[in-house]
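Take a moment with the sequence and the model. Then follow the chain one piece at a time.

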Amino acid sequence: METVVSGIRSTGNLHLGNYYGALRNFIKMQEENKCFFFIADYHSLTTHPDPKILHGNVKNVLTEYLAAGIDPDISTIYIQSDVPEVCELYLLLNMHAYMGELAKTVSFKEKARKQPENVNAGLLTYPTLMAADILMHNADKVPVGKDQEQHLEMTRKFARRFNNFYGVEYFKEPIAYNFGGELIKIPGLDGSGKMGKSEGNCIYLFDEPKVIEKKVKRALTDEGPQSPNSPKPDCIENLFTILRVVSTEEIVKHFDDKWNACEIRYGDLKKQLAEDIIAVTSPIRDRILDIQDNEAYLHKVVKEGTEKARESARKTLREVREIMGFKGF
Ligand code: TYM
């Protein structure tokens, strides 16, 4: 049985990008693998969240994990900061992570540009904290969206470097994974490349159907195809990208044919898109409403998950310390 590890930051509600890039894979993979799914609350500290809001965000992700179908009886669900072993492995891995390679990471350069007043060391070492999460359970596969690909390459590099330096075959080299093949990037509805919380262009799993209809209606479009079989501009391609994940092949083909024949009506496309998104999100929304106030259940899930995660983490750390020469007296 392979080991699967992944997490989502506690920065708010989950959106369609989180769902198709990560969460849907979690659910599909849990039957056949040993799975660890956590809430990356340490990672969310890089943007200095208000302490009062942080806890609520952790609860949101936990509730949405369960509502979307992660089964705590077969998967281990935990909050990153409940497993202090992560911090120690992070420290140990940082000794073998170099300033130059960390500073070259695309996500670091982007964040440094977006928040020049707060280019903290946590941002720089974000990939080593991620590697600690993943290597802690010696993962084989890490279900993530396209934007995390480079972080996974770095995790593999850190694992390889550790093995080479200490002359062991200890860590596996985990791969970024998507069930359907290629890693996914869900675009925004505003013509931008990526749906993201900081982009303010998200459709959330918890959005009411009416809100989703409104957001889709407002999606950026152009004046329509000018000649048969012309390439689609980015804003239209984005709508089709989302349609491809939420709809059937027949529906996608129908609108593709309409586009190619210059007969497409964006109103129809948007109506269909909204309907198919709502078919995915509304059962999840209903389950969120069902469990979000069930504190006893949420506590039980986290308590049991933390115990299982820490057991796995303690074992790794004991072995890593031994390999690195911490023998104890
Ligand atoms: P975060 O919270 O930014 O994103 C969580 C997951 O959602 C995916 N995702 C997307 N996928 C497709 N299209 C999008 N528009 C989109 N937006 C987000 C992300 O690729 C990710 O899989 N660093 C991670 C959290 C993390 C982690 C880990 C993941 C911390 N430690 C260890 C895996 C393993 C992150 O930024 O999550």
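Two strands count as paired if DSSP finds at least two bridges between them. Keep that rule in mind for the opening part of this predicted model.

Start with strand S1, residues 3-9. Its partner is strand S2, residues 34-40. Seven bridges join the two, and they run parallel. Ser 6 has Phe 37 of S2 as its bridge partner.

How does the chain get from S1 to S2? It passes through helix H1, residues 16-29. This β-α-β crossover is right-handed.

Next comes strand S3, residues 75-79. S3 pairs with S2 through five bridges, and these two strands also run parallel. Cys 35 stands opposite Ser 75 of S3. Ile 39 stands opposite Ile 79 of S3. A helix takes part here as well: S2, H2 and S3 form a β-α-β unit, and that unit is right-handed.

Now ask how well covered these strands are. A residue is called buried when its relative accessible area is under 20%. In S1, five of the seven residues are buried, so the rest of the structure largely encloses this strand. S2 is mostly covered, with six of its seven residues buried. In S3, five of the five residues are buried, so this strand too is largely enclosed by the rest of the structure. Both faces of S3 are covered. On one side sit Ser 75, Ile 77 and Ile 79, and on the other Thr 76 and Tyr 78, all of them buried.

Turn to the helices of this region. H1 packs with helix H2, residues 51-68. Their axes are 9 Å apart, and the angle is about 60 degrees. H1 and H2 are therefore oblique to each other. Their crossing is right-handed. Which residues of H1 and H2 meet? From H1 come Tyr 19, Leu 23, Phe 26 and Ile 27. From H2 come Glu 64, Tyr 65 and Ala 68.

On the way from S2 to H2, stop at one residue. His 48 lies in the loop between S2 and H2. Its phi is positive, about 55 degrees, although His 48 is not a glycine. Most residues other than glycine have a negative phi. His 48 is also exposed: its relative accessible area is 53%, and the cut-off for exposed is over 50%.

Move along to helix H7, residues 126-135. Thr 128 has its place there. Is Thr 128 buried or exposed? Its relative accessibility is 0%, so Thr 128 counts as buried. What does Thr 128 touch, leaving aside its neighbours within four places in sequence? Its contacts are Tyr 90, Leu 93, Asn 94, Ala 97 and Phe 158.

The last stop is another pair of helices. These are H11, residues 249-260, and H12, residues 266-291. Their axes come within 11 Å of each other and cross at roughly 165 degrees. Angles over 145 degrees count as roughly antiparallel. H11 and H12 are therefore roughly antiparallel to each other. Their crossing is left-handed. H11 brings Ile 251, Phe 255 and Trp 259 to the contact. H12 brings Tyr 266, Asp 268, Leu 269, Gln 272 and Asp 276.

Between H11 and H12 runs a loop, and Cys 262 has its place in that loop. Cys 262 has a positive phi of about 60 degrees, and it is not a glycine. How accessible is Cys 262? Its relative accessible area is 30%, so Cys 262 is partly exposed.

Go back once more to the start of the chain. Parallel bridges join S1 to S2, and parallel bridges join S2 to S3. Then compare the helix pairs: the crossing of H1 and H2 is right-handed, whereas that of H11 and H12 is left-handed.

How values were computed: Residues numbered from 1 in each chain as written. Predicted model: local features only at pLDDT ≥ 70, side-chain atom pairs only at ≥ 80, totals over all residues. Heavy atoms only, no water. Buried < 20%, exposed > 50% of the residue type's maximum accessible area, 1.4 Å probe, protein only. Helix = DSSP H or I, 4+ residues; strand = E, 2+ residues; numbered from the N terminus. Right-handed = clockwise from strand over helix to strand, strands pointing away. Axes fitted to C-alpha atoms, helices over the stretch in contact; angles between N-to-C directions. Parallel < 35°, antiparallel > 145°, perpendicular 65-115°, else oblique. Left-handed = near helix turned anticlockwise from the far one by under 90°. Contact = heavy atoms within 4.5 Å.
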